[in-house]
Amino acid sequence: MAVTGTRPDPVPAHPPAPPPRIDERVLGAGTSVRFATLLFLLLAASGSMMLTVIIGLADGDRTGCELAAGADPSDPSWTQSARAVSQAVAYHLCQSAWAPPPPWWQLAGWPVLLTVSALLLFLLLPRWKARPGRVVPLEAVDPDGELRTLFAELAVTTGLAQMPRVVVDPAATGAGAVVFGRTGRPVVCLYGGLLAGRHRAPARFRAVLLHELAHVANRDITLTYATVTLWRVFLALVLLPYLLREGYVLYGVLADGRLPVLDRPLMLTVFTVALVHLARSDVLRSREVYADLTALRWGADPHGWADETHQQAAGPVRRALERFLALWRTHPQWGLRRGALTDPAPLFRTPALTFFLTGATVVLVELHLLYYLAPYNLATIGVTQAITIVSAALVTAITGIALWRAVAYAVLTGGRVLSGWWAGGWLGVGIAAGTVLTSSGGSGVWLPQRPQLLLLPVAVGMAFGWWITQCAHLWTRNWRGRTLRPALLLSLLAVVPALALWLAWWHLMGTLYASGFRARAAGVTQWALNWLPSAAPSGDPGRIPGITTVLPLLGSITSLYLIPLALTLLWVVPLAAWAAGPATARPRWHPGPAAPPSGDVAPPLRRVLLPGLLGGVLAWAAFVGVQAYLHTGQPVPEARGGLYALRYTAGTLLALSGPAGLAALAAGARTGRFRLLGSLIAAQSTIVVGFAGVTVLASLDGCAGTLGVLQDSCAWRPAWQLPLFPFLYVLTVALVLGTVLATALAAATALTSAALHRVRTSGLCATAPRTPARVTRAQRVGVGLLCAAAVGLGGTADVFRLRTITFTVDLADSQNQAQLAAVPDAPVSESTRSRQVDAWYDLGGYTILEELTSLSGRLNTAIRAAKGAPWDLMDRQLRPVCEQWVRAGLYETVWFRVPEREIQADWHAVAVHAGQGGRRCTAALTVRDQTALVNALRELITAGRCTASVNARIDAVLRADGRKGTIRPAAQGTTCDRAG
């Protein structure tokens, strides 16, 4: 018989066996953590949103303080907040007087009220649902005890210690049931339609009962109803007052004849509500599938509760609309439920929506907590890092469990382990989207000035997912325990500190860079002195190309805490798994039959250790070269600070990071699917070994004549005590550079390998399956020593830096740091300038000018009284006034700069003449130097004239804009001698 068409595939002698069914409980589902995250987000949002309402209802003038600081309400860029923070002392003083934060009991009141109200509703809602008249006891519809016998049988089948209370809703016509209450006291409510059809469809009736009992066994009830009650209370006690407040603000805008603009806080509220609902629906859908599978294990008919009448929507538009609407429903589609009953693979996937929602949630949690715990953006680095640790723990728990489950499923079924890039990328997209929506960084514009930096969260998210996936793959292959949970917990705890540090940096500085932040060239010297406090300011670091970008960036990194230990954990934990060696073919942590996939075993340990050790030796040689190079231009001891010390630091970093990059490249090219972990281990071990040699060589500086850099004599001087060698900063930055280089080079190697994948699979470069490599006892001992040294080094460095952690705001330090930013002096309209000057004058400037004017009058009176008097009488007349002028010279430091250039020049002259003249006056009176006294009094008189000039100029600005002038206008034509 002739056969035409496509040639059929040969029939195998033995058809392939179906893949083994995997228990969906192999790892925790992670839904409890996601429920807890939702609760945490609702509590944080309630605090920050009600704080907005309280501040809005308070009788304060926060906008006036911002205007007095020189902010322009029509300019939403980051420069406006920078102008306020660069005058943090005056800004805090203004807010304390005119817009003080609410008292602590108001801040704590709303979350407490929300929690107590939700608790009461949580306790009362089951009683309301099971109230007489709405439901009836099971005994009322079961006179012959048939249903009670069935529930007794189900109690034995399910293994529940106590059967829940069962009631019936006769008015419900649906063929379903619902369970409510709490885990300790559940209530199962059967619909009347279900009871009516129990004899017609007994399999469906039994399956529905088992499904509801599965919710009880899986402990879904308490968290589910806690979320429901908290959500309802949030809508009533938080969202409603907030929307009423926003409506009042909108009414005021319309009443003033202005057009309303797209309100970011209102959009943020809408996004928060939508985010909570989507995340809640996603979690509830997954819990329904888990309940189905639990009921299936108890013997439920797979077709018992499936809606066989449901049909797929016709047309691509209808199908797309149905998929979109399904995201908002709390129950999954029947197609998904039927598929999960035969193959639980969907439960082990990493859906993009979950990762996107998680990334957006972390930004919202940080925003709400920071605004709630630190009103007016006065959060310290310590407070910010404490908040980001909580956020990072929540993110890692949600995404880490999902990725671990996907890896474990692939290992048990022999499938290909996912890379984690795609899932982590969606996590980063969520962080970027949340950053744009929340305007983190102080910028009010919708698109930041440098939008390309929004790709950084995406890249970090991809690296985060990649690391977790490879670590999970390594641990699942090598773990010998009866459960994977210890390995899961260890790996997640290892990545939380690093993610928290990055989130803190992104909130503090990353968003500012995206918004257009740049440092002043003159401020780079201050950054260098922060690193080298004992260095002489020789040379101008601002002349170095690119230094205004690189040095502030490194400074922002080193301002964070716990970096050495956090980055050390990223490679020590996977190295420990690597050194454990491969487990048996059948993992003990899963009872079913499973075989690891061939070709995915970890390469020999020497492939990651040898590049690290050789890289460390190369780092020693590179540092010797740096010392020899700097010795050729060694200046005299007095000039070895400044640029010379900065070059020494830069050379040390180059000597460490260069070999680390080479070691990462060598290890990444030889470790296959584990190239990220291999690159990290090789690079960071290079840093640790190399830094040990650098420490010894720096401590012996001066003992080898041609290698002397800072010293001229031979002695043991510990490197951590050298004032010109920033020991902790070098270690911190070197570890950061090593991590970045290892990740980037591993990604480049992975992309290159993917590009050559077609060549390898064509047979030209085919390799035999790799067998697990044996790890010797000597290798384990060496790994243990290396890990102990790395953890000890990182922990010791962090202990020394923990002394500098503060949770209270240092206004002067915040002001000095903000003044390093190159804030452009953007032009404003005459009306805005008038409003700024009016706010400066009205909120405190007029009091200062009145005091200075009165002090000028007292000076003239004292001069007339002291004229021709004996020296002792002259001292008694003039000294009190001169001392008051000294204190008056500090007014410029405690109040805002005048937001007008010419007036500010006169205002600065007042401070200079008052401070200098007052000090010179008291000194002249002490030594009885009449000439010096006359010159000092002339300077004080000039300070009085400059005060009058400030008053006159302010009066002119206000009157030109139709505003009320100053209380005591100065005589026209008053001039200020700014030069003295």
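A residue counts as buried when its relative accessible area is under 20%. In this predicted model, Asp 220 has a relative accessibility of 6% and is therefore classed as buried. Arg 287, at 8%, is buried as well. These two residues form a salt bridge, in which the closest N and O atoms are 2.7 Å apart. Asp 220 belongs to the loop between α9 (202-217) and α10 (221-255), whereas Arg 287 is part of helix α11 (residues 264-297), so the pair ties together parts that are 67 residues apart in sequence.

Side chains of opposite charge can pair when their charged atoms come close. A search of the whole structure identified ten salt bridges, and two further examples involve helices α32 and α33. In one of them, the side chains of Arg 953 and Asp 906 meet with an N to O distance of 2.8 Å. Arg 953 is located in helix α33 (residues 930-960) and Asp 906 in helix α32 (residues 901-927), so this contact ties together parts that are 47 residues apart in sequence. Asp 906 is buried, with a relative accessible area of 1%, while Arg 953 is partly exposed at 33%.

The side chains of Glu 939 and Arg 920 likewise meet in a salt bridge, with an N to O distance of 2.9 Å. Glu 939 lies in helix α33 and Arg 920 in helix α32, so the parts tied together by this pair are 19 residues apart in sequence. Glu 939 has a relative accessibility of 10% and counts as buried, whereas Arg 920 is partly exposed, with a relative accessible area of 47%.

Key:
Residues numbered from 1 in each chain as written. Predicted model: local features only at pLDDT ≥ 70, side-chain atom pairs only at ≥ 80, totals over all residues. Heavy atoms only, no water. Salt bridge = Lys/Arg side-chain N within 4 Å of Asp/Glu carboxyl O. Helix = DSSP H or I, 4+ residues; strand = E, 2+ residues; numbered from the N terminus. Buried < 20%, exposed > 50% of the residue type's maximum accessible area, 1.4 Å probe, protein only.
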